[in-house]
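Visitor: I would like to learn how to read backbone angles and strand faces. Please take me through a case.

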Amino acid sequence: MSHPAYGELRRVSESASVLLENNPSTMTLEGTNTWVLRAPGARECVLVDPGYHDLDHLPKLAELGPVALILLTHHHPDHSEGAPWLAERVGAPVRAFDPSLCRGGEAFTDGEVVRAAGLELEVVHTPGHTDDSVCLRYDGHVLTGDTVLGRGTTVLSDLGAYLGSLRRLLDLPAGLRGLPGHGPELAELKTTAQEYLDHREQRLDQVRSALRVLGEDATPRQIVEHVYADVDPALWAPAEHSVRAQLDYLRSAI
């Protein structure tokens with residue numbers, strides 16, 4: 001599914017629309033998706049992941065109507081940096097799993113239900129990409145941040161935690177639409193979560209094989225060059241983070 005032009009609000013469902021920030025890169029894909037949520041007939045909205053301190057993007061968000069809450073899926077600046085400016089502009093609290101990101105609101109707790117703009121959003125702690133990553137589930141939707149992307153795979157900090165997060169998403173009901181932090185929405189989140197889990201297991205097998213060839217002391221960079229030979233070298237640096245997480249996972253199991 002193609003994305004809209006930058007700065008143009010696109011409706012995805014009765015309660016979810018997306019405003020795409022103009023910050024494309026190899027890591028952000030087309031850019032950061034800022035999700036605009038409101039129940040049908042509700043006056044206020046909830047804004048999720050306002051993106052960078054981008055004074056082209058943020059004022060457009062501020063014009064979308066009264067804002068009840070600003071929610072963050074994790075701390076990376078392409079999701080969170082603009083939150084303080086936006087919070088001051090619209091007079092809304094900021095909530096996140098990391099207390100240091102919050103302004104005028106409490107930190108999330110796993111499993112809590114956030115009520116705003118006529119919606120009830122369940123917080124699902126999904127560490128692995130970052131320790132503070134969360135997904136937000138409501139009414140047939142799951143906002144996934146960088147835990148599950150609209151295309152491609154995400155960079156990891158903790159593989160063991162991430163595999164647990166994917167299995168937790170697989171335990172959710174079928175038929176949930178994924179609303180990711182980057183890339184197009186996902187028609188069936190469980191399908192993509194299973195694909196991600198299969199991919200990670202395949203990569204683990206490839207790293208095990210690389211260690212047999214290169215030796216147990218092989219560096220993450222050596223393994224990337226061996227395992228990710230078919231991947232654009234521009235992505236090798238972030239791939240090293242994932243390989244490091246894979247090595248930590250494998251070595252902790254010994």
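Guide: Helices (H or I, at least four residues) and strands (E, at least two) are DSSP runs, numbered from the N terminus. This is a predicted model: local features need pLDDT of at least 70, side-chain atom pairs count only at pLDDT 80 or more, and totals for chains, interfaces and linings use all residues. Residues are numbered from 1 along each chain as its sequence is written, and side-chain values use heavy atoms, with hydrogens and water left out.

Visitor: What should I look for in phi?

Guide: Most residues other than glycine have a negative phi. Asp49 goes against that, with a positive phi near 65 degrees. Asp49 sits in the loop between strand 4 (45-48) and helix 1 (57-62). Asp139 also has a positive phi, about 40 degrees. Its loop joins strand 9 (134-138) and strand 10 (141-145).

Visitor: Is Asp49 buried or exposed? And Asp139?

Guide: Buried means under 20% relative accessible area, exposed over 50%, partly exposed in between (1.4 Å probe, protein chains only). Asp49 has 2%, so it counts as buried. Asp139 has 58%, so it is exposed.

Visitor: How do I read the faces of a strand?

Guide: In a regular strand the side chains alternate between the two faces of the sheet. In strand 7 (residues 113-116), Val114 and Ala116 are on the covered face. Val113 and Arg115 are on the uncovered one.

Visitor: Which strand is joined to strand 7?

Guide: Two strands pair if DSSP finds at least two bridges between them. Strand 7 has 4 bridges to strand 8 (residues 119-125), and the two run antiparallel. Val113 has Glu122 as its bridge partner.
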